[in-house]
Amino acid sequence: MSPTHYTPAKVQLKAYIRKRAFVESTSSNWQSAADDLLVLEQAIEEARLTKRQLYIIEKYCLDEWLQHEIAYELHVSQPSVSRAYNRAVAKIQAVFRKWEKMERGL
């Protein structure tokens, strides 16, 4: 079995933030960035994240909160936030793997 060639979901989430800012700030090459955003948003939707996971993704990736800040807001420990974030990323990653397999016809 050959290794998969997808970008890890954590990297994709960080790229999403940069592309979102790019799309909002400039009009050049906006179509490609907008397409990437739509694909990532579809993957997040298909991953069926819990409300808590969505909240953590939003605060950590979009609002750039630190995990201990999110933990304080949710009244949980920082390791709990980290585990929830990692589970959410794994779900998104699984969606991209599924799509990749479908693309290859497996």
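Isoleucine 56 touches Cys61, Ile70, Leu74, Val81, Ala84 and Tyr85, leaving out residues up to four places away in sequence. The model is predicted. Isoleucine 56 is also one of the residues of the largest nonpolar core that touch the most other members; Leu49, Ile57, Tyr85 and Ile92 are the others.

**The core**

This core holds 18 residues. The largest share, 8 residues, comes from α5.

**Overall fold**

The protein chain has 5 helices and 0 strands. From the N terminus on, the order is α-α-α-α-α. The chain counts 106 residues, and 31% of them are buried. It exposes about 7300 Å², with carbon and sulfur atoms supplying 54% of that area. Among contacts between residues at least 6 apart in sequence, 64% join residues at least 24 apart.

**Helix α5**

Helix α5 has 27 residues. At 1.5 Å a residue they should span 39 Å, and the end C-alpha atoms are 39 Å apart, so expectation and model agree. The buried residues of α5 are Val81, Ser82, Ala84, Tyr85, Ala88, Val89, Ile92, Gln93, Val95, Phe96 and Glu100. An α-helix has 3.6 residues a turn, so residues three or four places apart point the same way. Just after α5, glycine 105 takes a positive phi of about 80°.

**Where α4 meets α5**

The axes of α4 and α5 come within 8 Å and cross at roughly 105°. Angles of 65 to 115 degrees count as roughly perpendicular, so α4 is roughly perpendicular to α5. On the α4 side, the contact is made by Gln67, His68, Ile70 and Ala71. On the α5 side, Gln78, Val81, Ser82 and Tyr85 take part.

Glutamine 67 lies in helix α4. Its relative accessible area is 15%; buried means under 20%, so glutamine 67 counts as buried. Leaving aside neighbours within four places in sequence, glutamine 67 is in contact with Tyr60, Gln78, Val81, Ser82 and Tyr85. Val81 and Tyr85 are also among the residues that isoleucine 56 touches. Both belong to the buried residues of α5.

Methods
Residues are numbered from 1 along each chain as its sequence is written. This is a predicted model: local features need pLDDT of at least 70, side-chain atom pairs count only at pLDDT 80 or more; totals for chains, interfaces and linings use all residues. Side-chain values use heavy atoms; hydrogens and water are left out. Helices (H or I, at least four residues) and strands (E, at least two) are DSSP runs, numbered from the N terminus. Buried means under 20% relative accessible area, exposed over 50%, partly exposed in between (1.4 Å probe, protein chains only). Contact means heavy atoms within 4.5 Å. Accessible areas come from the Shrake-Rupley method with a 1.4 Å probe; for residues, only the protein chains shown count as cover. A nonpolar core is a set of buried Ala, Val, Leu, Ile, Met, Phe, Trp, Tyr and Cys residues joined through side-chain atoms within 4.5 Å. The expected span of a helix is 1.5 Å times one less than its number of residues. Axes are lines fitted to C-alpha atoms, for helices over the stretch in contact, and angles run from 0 to 180 degrees between N-to-C directions. Angles under 35 degrees count as roughly parallel, over 145 as roughly antiparallel, 65 to 115 as roughly perpendicular and the rest as oblique.
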